[in-house]
Amino acid sequence: MAGALSKDQRQKRIQDIIARESVSTQGELVERLRAEGIRVTQATVSRDINELRLVRLPVGKGRHRYALAQTAGHTGAEEELARLFQNFVHDVDRGENMLVIRTAEGHASGVALLLDRVRRDDIVGTIAGEDTIFVVARTTADAESIMEEFHALMLG
């Protein structure tokens, strides 16, 4: 496999690589793909990671690895969300019906994925960066309630 692949082929290769190897950064993933003869930029890999909904899982000693998000049921997602909030969420702030969640670097997408997976009627949607999640609540009252709930999750 050399040169440029279709997006689907490239994303399949990324899934194969993270399934068999511990890859902790986008740069490492770019190197692995290039070692297979696949020309790719870090910006492209970043988009692929978001589209594949990859999450960074802790593997101990402050290290992480990319993994496919588990498709746990609703209850499993809520339990995992509580664990992530306790370990990785630093702050939750609110303005009207919008919330901003600050996480440890690299953990926003994993937390946002679980928020999306729970499929709450009071949350319209989420957008995640590296360490910040933007959450749109349906109403200002919903946002107030969600913020209280998230603060409780942070405390355990």
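Reader: Which elements are included in what covers the buried residues of α1?
Author: This is a predicted model, in which local features need pLDDT of at least 70 and side-chain atom pairs count only at pLDDT 80 or more, whereas totals for chains, interfaces and linings use all residues. Residues are numbered from 1 along each chain as its sequence is written, and side-chain values use heavy atoms, with hydrogens and water left out. The buried residues of α1 are Arg10, Gln11, Arg13, Ile14, Ile17 and Ile18, where buried means under 20% relative accessible area, exposed over 50% and partly exposed in between (1.4 Å probe, protein chains only). With helices (H or I, at least four residues) and strands (E, at least two) taken as DSSP runs numbered from the N terminus, and contact meaning heavy atoms within 4.5 Å, the cover of these residues includes α2 (26–35), α3, β1 (54–60) and β2 (63–68).

Reader: How many of the eleven residues of α5 are buried?
Author: The buried residues of α5 include Ala112, Leu113, Leu114 and Leu115, as well as Val118. The helix is mostly covered, and the number of its eleven residues that are buried is eight.

Reader: Which element gives the most to the lining of the second largest pocket?
Author: On a 1 Å grid over the protein atoms alone, a cavity is a set of points where a 1.4 Å probe fits but cannot get out, and a pocket is an open set with protein on both sides within 12 Å along at least five of seven lines, while lining residues have an atom within 4 Å of a point. The second largest pocket is lined by Ile49, Asn50, Arg53, Leu54, Ser109, Ala112, Leu113, Asp116, Thr126, Ile127 and Ala128. Two or more of the lining residues come from each of α3 (42–51), α5 (108–118) and β5 (123–128). With four residues, the element that gives the most is α5.

Reader: What is phi of arginine 53?
Author: Arginine 53 is found in the loop between α3 and β1, and at 35% relative accessibility it counts as partly exposed. Most residues other than glycine have a negative phi. Arginine 53 takes a positive value, near 55°.

Reader: What distance separates the C-alpha atoms of phenylalanine 134 and alanine 112?
Author: Phenylalanine 134 lies in strand β6 (residues 132–137) and is partly exposed, with a relative accessible area of 32%. Leaving aside residues up to four places away in sequence, phenylalanine 134 touches Met98, Leu99, Val100, Gly125, Thr126 and Ile127. Alanine 112 is 22 residues away along the chain, and the separation of the two C-alpha atoms is 8.8 Å.
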